[in-house]
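Hello,

Here is the structure for you to look through. My notes on it follow below.

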Amino acid sequence: MRQNFPMAHLTPTGHSNTKEKAIIPANANISTNAVILSGVLRAFCAKRSRRTCGFSPSRRGFALASAILLAISAASARAQSPSSAPPVSSQTPQETPQNQKSKVILQRSIDENGQTVDGASPQTTPTGQPPKIAAQPTAEDAERSALTTTSFDLDVRLRPAESHIAVRALVTVRNDGKTPLAHIPLQLSSDLNWEQIRLNGRQAPFTVAVLNSDVDHTGQLHEAAITLPSPLAPGASLQVDATYSGAIAQSTKRLLAIGTPDDVAEHSDWDRIATDFTGLRGFGNVVWYPVSSVPVILGDGARLFDEIGSHKLRLTGAHFRLSLTVEIPHGLAPSVALVNGQPIPLSTSSSTDTTLPAIATTHIDSSVLGFEAPSLFLAARSSHPAANMTLWTRPESDANVAAWNSAATEVTPFLQGWLGTKPRSQLIVLDLPEDGDIPFETGSMLATPVRSATVEILDGVLAHALTHAWVLSPRAWLSEGVAHFMGTLWIEKQQGRERALQTLDNARSALALAEPESPGESDGQPLVACISPVYYRTKAAYVFWMLRDLVGDPTISAALRAYDPAKDTTPDTFEKLIEEAGPRRNLSWFFNDWVYKDKGLPDLSIESVYPSPASVQGSYLVAVNLANNGYAAVEAPVQVISAATSVTQRVLIPARGKAVQRILIQGIPTEVRLNDGTIPETQATIHSKTLDASPAKP
């Protein structure tokens, strides 16, 4: 069974050489075991070279772009293997001689240097001394990128009043590289300090280095390079037993380092541990759990965002368990807790003595991560249940609840028509601390300021966000792609098809820049394994629009209703649902070029048009010669227009190929169009050819 440990390293509040004990009566029931506008920051700035300690002195100029995207356990101790592993601290609760009916649940000492000591100094190295910061990292990028985490078992202790966190982590890692690993590199936010690392029940030697990496809000990581007794073979796994602690306050260091204005930085990097709000978004914002990553910085192209996406992809399918204990001041207990976007119940106990803290506990016995970074949220908020949604708000936001509820009521019938009567979960909207804070979403949770906004904006935000309550998929292209698809369909419903396609086209240029010009030029990112938002949001939404034209709205709706994330065990699961739901049985060519592989974007053109009189009086047969210089096949709409009417037909244009389509039309043809904006291309998405010379009359 897990051996429990006291909250470590409390912030000193007394004089040197004093001891402080938190006493609570033994009869107290205390258990110590226990809108969206998704801000994807893109900073294009002068490149910095700061992979190791220190920042570059050159910080001349910057340009910051924010991609605003439509989106949106009674707790008790559980077993944690291995059972032979020791507690984080050897100290255990003791009876006090002054009052045998009271129990010590927390103990701390202050040494002569004003440092906190908990029973014994942290045994972080075989010599019993705290690890020293190395001048240079021991691990190499090849070792960092070879590791995949397959299991987290976290015992987390929080003291929000002091922004403090102490964690014991059992982390299972696998060597997915091609060579044996001599070191296991694990990283944490530079806010946190490694204390002890054990392998197979024994203390393991390790060195700690500072890495400059913007995957954390401080701009730096503390990397522990664990020396293995024998190399970890390719494909082999190892469990690491580590303890660490520190204080996580709001930090804007990484953004200020590139010249971001103070207010923008504060509203972007709002992660913190505090009494009224704790928000830890995980890798990419604050690294509060052990990771292994290649250091990257803002301004180095898209490498930072690709590393964040790669981290989420590699964690997909990992097992996640958590035990959480929170010490909070009396009367300030959080009312809502969310882990990985899912609400979990809190059990809170307190003493009749209001000078003593309350203890809140909860746990997650077993869960499986999707395409996400583990996150943790605690907040003191008021609950406002609504249809398929619960709002948790600050007092100053309560006046806006009615408008948000009205928007949810407005879009729900639309979503039900497409996705089914009942969602798989409730949407949780968590009010962020400041009105200007950049929203964040994970799973079916949207963390955003619950502000006043127009009906149009709120409807659009919730059309996207509520979709996540219906479609919960571990695959990013389905989870985010369907949400963006539904967001554009809502725009089509309210403002027309042209406005919806314009919304799609606004993000097409970024997709075209990211896509390889040819399959041999780079690997690209197949949708089933993509890591960049421009793929799993923009390209995925385009894929659903193209499927809509290929198979029809009823077929897509039936497939989405039938989709079960628990049964999504192979990449072709959704293709099979589409083929089973509609009359078109073979869509392998489409999924192969657009989902399973990344063949770039098509490059369509109208090479020539030959109208000729038809046998029917006043009609013309128009031969349209089409070409596709891209490497992805596509079924595109071809439209012939006359003064009297227009005719649209669909034609399959193979990759690096040509096609001829003959279209009969009433009246003299005046214009031919190819593509209507539903197919993303490398250049334009609508091609037009005007027929200047009138053809001979029949």
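In what order do the 5 strands of the open sheet stand? The order is E15-E16-E22-E18-E19, with antiparallel pairing. Strands E15 (272-273) and E19 (342-343) stand at the edges with a single partner strand each, so one side of each has no neighbour in the sheet. E18 (residues 336-339) pairs with E19 over 2 bridges, and Val339 has Gln342 in E19 as its bridge partner. Strands (E, at least two residues) and helices (H or I, at least four) are DSSP runs numbered from the N terminus; two strands pair if DSSP finds at least two bridges between them.

This is a predicted model: local features need pLDDT of at least 70, side-chain atom pairs count only at pLDDT 80 or more, and totals for chains, interfaces and linings use all residues. Residues are numbered from 1 along each chain as its sequence is written, and side-chain values use heavy atoms, leaving out hydrogens and water.

The structure holds 29 salt bridges (a side-chain nitrogen of Lys or Arg within 4 Å of a carboxyl oxygen of Asp or Glu). In one of them, the closest N and O atoms of Glu492 and Arg548 are 2.9 Å apart. That pair links helix H7 (residues 476-495), which holds Glu492, to helix H10 (residues 533-551), which holds Arg548, 56 residues apart. Glu492 is buried at 18% relative accessibility, and Arg548 is buried at 13% (buried is under 20% relative accessible area, exposed over 50%, partly exposed in between, with a 1.4 Å probe and protein chains only).

Glu396 and Arg394 also form a salt bridge, at 3.2 Å between the closest N and O atoms. Here Glu396 is exposed at 54%, whereas Arg394 is buried at 7%.

Regards
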